[in-house]
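Here is a short briefing on one protein structure. Please have the sequence and the model at hand.

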Amino acid sequence: MVVKVPRFAFEKFPSADPVLTTTMKSVGEAMALGRNFAEALQKAMRSIDKLGAVFHWRGEAPSGEELDALVAGASVPTEGRLVNVQQALRAGASVESLFDSTKIDPWFLDQICLINEVAAEIAASATLKPQVVALAKRHGFSDAQIAAARKMSTDVVRGVRWALGIRPVYKTVDTCA
C-alpha cells in the first residue's frame, strides 16, 4: 500500500489562505509504503516531519463542546484536518457525522477508527506484550506514539521492543512489476 501526504508551509507564507482549495498550496509531499493502509498512512504523516502532523493520544479524549468544535473544524479543509478527524473519532464522533461534515469517504474514516482502536488496545494492555507491540507496529505506530499511549518514555518502549526481538525490517520493492 502506498500513501502520499502533502507538506504545507503556511508558516512561511503568512498572507496565504490556509484553507485548502483546488489551488496548489503544498510545498512537497511524503510517500510511505506499508503492508496496509493504516501503517502507510501513519508512516507518511510522520515523514512530513512537522510538529502536530501525527496522530496522538495525549491527555484525555476531547468531549462536549470540544467534540463539537473538532467536528466543525474538520469540515474546513486545512493541513491539520486529518488530526482533527482522528481526535473527533477518538472523542466519540460517529463516522456518519464526520462524513456529513467532511465528505471524507467512510472507508478512510473507518481506517482512522481502526488506528484509534489499536491505540486504545495499546493503552489498555497491562504490559507491553509481544503481541501488543507487534500489533502496534503492523498499524504503523512509532515507538513515540506507543510511549504516549502508555504514558511512558520512548526509550523504555524502544528497550522493551528490542528485548522482545522486534526490530525494524526493510523490504525491497519490485519496481519492474
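Predicted model: local features only at pLDDT ≥ 70, side-chain atom pairs only at ≥ 80, totals over all residues.

Residues are numbered from 1 along each chain as its sequence is written, and side-chain values use heavy atoms, with hydrogens and water left out.

**Nonpolar core**
- The largest nonpolar core has 45 residues. Such a core is a set of buried Ala, Val, Leu, Ile, Met, Phe, Trp, Tyr and Cys residues joined through side-chain atoms within 4.5 Å; buried means under 20% relative accessible area with a 1.4 Å probe, protein chains only.
- Leu-41, Phe-55, Val-85, Leu-98, Ile-122 and Phe-141 touch the most other members.
- Helix H5 (residues 106-124) gives the most to this core, with seven residues. Helices are DSSP runs of H or I, at least four residues, numbered from the N terminus.

**Helices H3 and H5**
- Helix H3 (residues 81-90) packs on H5 at an angle of about 65 degrees, and their axes are 9 Å apart. Axes are lines fitted to C-alpha atoms over the stretch in contact, and angles run from 0 to 180 degrees between N-to-C directions.
- From H3, Leu-82, Val-85, Gln-86, Leu-89 and Arg-90 meet Leu-109, Ile-112, Cys-113 and Asn-116 of H5. Contact means heavy atoms within 4.5 Å.

**Two buried residues**
- Gln-42 lies in helix H1 (residues 37-47) and is buried, at 2% relative accessible area.
- Not counting residues up to four places away in sequence, Gln-42 touches residues including Phe-55, Trp-57 and Gln-145.
- Ser-142 sits in the loop between helix H6 (130-138) and helix H7 (143-150). Ser-142 counts as buried because its relative accessibility is 14%.

Conventions:
Buried < 20%, exposed > 50% of the residue type's maximum accessible area, 1.4 Å probe, protein only.
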